[in-house]
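Please keep the sequence and the structure in view while reading.

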Amino acid sequence: MTRVNFFSGKAPHQIHGQSSIFKNDTSLRPGQLLVGKVTNIYPNQQAQVLINGRPFVANLQTSILLNEEYWFQIKSISSVIQLKVLSDKPVSKRNQMDILLKSIGLPATKEYQQAVSMLLDENIPLEQSSLRQLSNLLNELDRPLSSKVFAFMSSRGFPMQLSIYDALFSKETFDLGEQMKQLIPELKVLTKKNSSHESLLKRLLSFTNVDNTADSRSLWNILFSEAYNKDPNIYLLLKSANILPESMDFSEWKAFLEMRDQYNQTSSLNEAISSLLSLIQTEKDSASPSHKHINDYLLEAFKNLLYKQLPPNIEKTLIHLLANNMTQQQHESLSNVKDDFFIQFKNTVYFLGLTDENNIKNNDFDISRQPFEQSLKSLLLQVVNDDGSMEEKLNPLLKMINGIQLASFSEEDHFTQVSLQIPGGKLGVDSDIYLDMEGKKNNAGEINPDFCRVVFYLELKNIGETMIDMQIQKRLVKLTIRNKNSEVAPILMKLKPMIKHALENINYQLSSVQFRGFDDDEIGASSTVQSSFKPKNQGVDYRI
């Protein structure tokens with residue numbers, strides 16, 4: 001399967017372009033290198049230069065020829081632009097790379113030319129400082145340069161450091177879910193496991209579909225193992241789900257846990273469950289579920305909270321419990337897809353480690369957190385610190401998480417772009433799911449759900465490469481599905497009433513649904529990404 005490169009903005013079948021919201025910067029700034037055509041020559045070393053289709057009057061200090069193109073560097077910008085001519089040789093398509101690289105003291109090798117050509121193709125402003133940093137990066141690399149990664153680093157203004165390059169290269173090249181799955185057997189066979197090894201293994205299992213029969217625990221047992229630590233968020237979650245009596249305060253809950261400790265010493269866990277059920281029974285008219293079905297009861301109660309506004313600490317606890325309880329078998333039913341995708345999405349947001357450094361910066365990182373509250377990244381670092389022999393095995397996943405962090409968020413003026421990479425194993429998907437969201441920022445600095453765009457790139461079992469592009473303006477939704485198979489179009493039209501009804505249920509209106517091939521016209525997408533869905537039901541693809 002062809003991997004779509006999120007750096008290049010190019011997908012299979014020439015999917016390319018920029019979104020209607022995020023455009024590459026076409027403004028001019030000091031230090032920028034660019035080609036301009038001399039369209040008029042004035043006295044006092046002034047000339048009219050056509051740059052990016054716009055005429056500018058510029059001060060020049062080098063003799064140049066009319067109607068020729070040259071490489072320029074912008075020295076300053078005011079009412080008249082100060083331009084430095086990099087070379088007195090006119091530029092042509094054949095020699096423009098040679099002239100540029102030689103004029104700034106870099107070798108005109110194929111590697112350098114490819115890197116600069118990528119920047120020009122993506123309309124990324126060239127600057128002498130970043131091109132010189134490229135030289136340092138090439139000296140450190142022990143493999144050919146990925147010009148796509150270099151172009152992405154330049155577009156984001158990242159320092160040309162090997163660590164940043166390696167992180168982004170890992171994000172571009174490897175599959176997150178597969179990296180996680182490869183570590184699980186390594187951790188399981190360790191003869192000397194400590195608590196950090198165990199915590200890391202549990203976190204990896206919460207993301208993947210690796211057979212965990214030997215380690216599986218019911219939702220109830222997971223909940224109680226965490227509650228054993230007297231975590232108040234467990235208590236608050238149970239109260240939010242109406243599982244604990246309204247009148248039960250935290251001190252009573254702690255007293256119950258202490259009673260549960262006694263049960264562990266003298267009796268089975270079932271007796272503790274029965275005790276809690278009896279508490280519930282006193283507050284509810286309807287009969288409480290038998291403890292045989294306690295897991296289903298808790299699962300339903302917790303899932304009822306999924307789309308409610310909860311304090312972040314309670315939502316995080318909720319997602320932790322549900323993600324650890326998810327099994328691949330749960331996803332056979334299409335009715336569960338929405339909940340399961342949302343759980344895995346939130347699990348990635350909360351527990352991959354995307355915000356760890358930001359939390360530290362904002363003094364929102366408690367080193368005394370329980371292991372079940374820690375992100376995958378922080379647990380990886382902890383194991384590397386505790387067990388140096390694991391460093392070589394854990395570093396590839398750490399690099400990849402760093403790359404996902406670097407590529408996950410960008411802002412431009414009043415617009416925000418978020419790109420997420422979600423392990424797909426627990427959803428019955430062989431490879432990662434990629435999700436792009438972009439839109440105007442609201443007053444809270446978040447993507448405005450009334451004005452935004454969501455793009456999925458999928459590899460579906462029965463219909464192949466598929467793009468779902470959802471553009472939202474004033475809560476009106478324009479949905480475009482792209483696929484090479486025209487047979488999809490009538491199926492899509494049959495689904496239109498269902499899509500319309502589903503959107504109305506969440507206060508959106510469907511303005512149009514259209515099917516297009518990949519080659520119909522240019523496709524605007526700010527970050528081209530891919531996913532591969534491998535559904536279990538014959539003839540039915542994963543439904544979002």
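In this report, an axis is a line fitted to C-alpha atoms, for helices over the stretch in contact, and angles run from 0 to 180 degrees between N-to-C directions. Helices (H or I, at least four residues) and strands (E, at least two) are DSSP runs, numbered from the N terminus. The model is predicted: local features need pLDDT of at least 70, side-chain atom pairs count only at pLDDT 80 or more, and totals for chains, interfaces and linings use all residues. Residues are numbered from 1 along each chain as its sequence is written, and side-chain values use heavy atoms, with hydrogens and water left out.

## The chain as a whole

The protein chain holds 18 helices and 14 strands. Of its 544 residues, 49% count as buried; buried means under 20% relative accessible area, exposed over 50%, and partly exposed in between (1.4 Å probe, protein chains only). A contact means heavy atoms within 4.5 Å. Among the contacts in the protein chain with a separation of 6 or more, 60% are between residues 24 or more positions apart.

## Helix packing

The axes of helix α1 (residues 96–103) and helix α2 (residues 110–121) come within 10 Å and cross at roughly 105°. Angles under 35 degrees count as roughly parallel, over 145 as roughly antiparallel, 65 to 115 as roughly perpendicular and the rest as oblique. Helices α1 and α2 are therefore roughly perpendicular to each other. On the α1 side, the contact is made by Q96, M97, D98, L100 and L101, and on the α2 side by Y112, Q113, V116, S117 and L120. Six residues of this contact of α1 with α2 are nonpolar, three are polar and one is charged. In this classification, Ala, Val, Leu, Ile, Met, Phe, Trp, Tyr, Cys and Pro count as nonpolar, Asp, Glu, Lys and Arg as charged, and the others, Gly among them, as polar.

Helix α7 (residues 195–207) and helix α14 (residues 337–351) pack at an angle of about 145°, with their axes 10 Å apart. Here R203, S206 and F207 in α7 meet Q344, N347, T348 and F351 in α14. The contact of α7 with α14 comprises two nonpolar, four polar and one charged residue.

R132 belongs to helix α3 (residues 128–140) and is partly exposed, at 39% relative accessibility. Leaving aside residues up to four places away in sequence, R132 touches I104, G105 and L106. The C-alpha atoms of R132 and G105 are separated by 8.6 Å, although the two residues are 27 residues apart along the chain.

## Strand pairing

Two strands pair if DSSP finds at least two bridges between them. Strand β2 (residues 46–51) and strand β3 (residues 54–59) pair in the antiparallel sense over six bridges. In this pairing, V49 has F56 in β3 as its bridge partner. Strand β3 is also joined by two bridges to strand β5 (residues 81–85), and these strands run parallel. A58 stands opposite I81 in β5.

## Positive phi angles

Most residues other than glycine have a negative phi. Which residue takes a positive phi in the hairpin of β2 and β3? This residue is N52, with a phi near 50°, in a hairpin that has two residues between the strands. Q45 also has a positive phi, of about 55°, although it is not a glycine. Q45 lies in the loop between β1 (32–42) and β2 and is exposed, with a relative accessible area of 53%. K474 likewise is not a glycine and has a positive phi of about 55°. K474 lies in the loop between β11 (464–473) and β12 (476–483) and is exposed, with a relative accessible area of 65%.

## Aromatic pairs

Rings of Phe, Tyr and Trp (its six-membered ring) pair if their centres lie within 6.5 Å; planes under 30 degrees apart count as stacked, over 60 as edge-to-face and the rest as tilted. The structure holds six aromatic pairs, including the two in the table.

| Pair | Centre to centre | Angle between planes | Class |
|---|---|---|---|
| Y165 and F169 | 6.0 Å | 15° | stacked |
| Y235 and F250 | 5.2 Å | 55° | tilted |

Y165 and F169 are four residues apart in helix α5 (residues 162–173), and are therefore separated by about one helical turn. Y165 is buried, with a relative accessible area of 0%, whereas F169 is partly exposed at 21%.

Y235 lies in helix α9 (residues 232–240) and F250 in helix α10 (residues 250–266), so the pair ties together parts that are 15 residues apart in sequence. Y235 is buried at 9% relative accessibility, and F250 is partly exposed at 25%.
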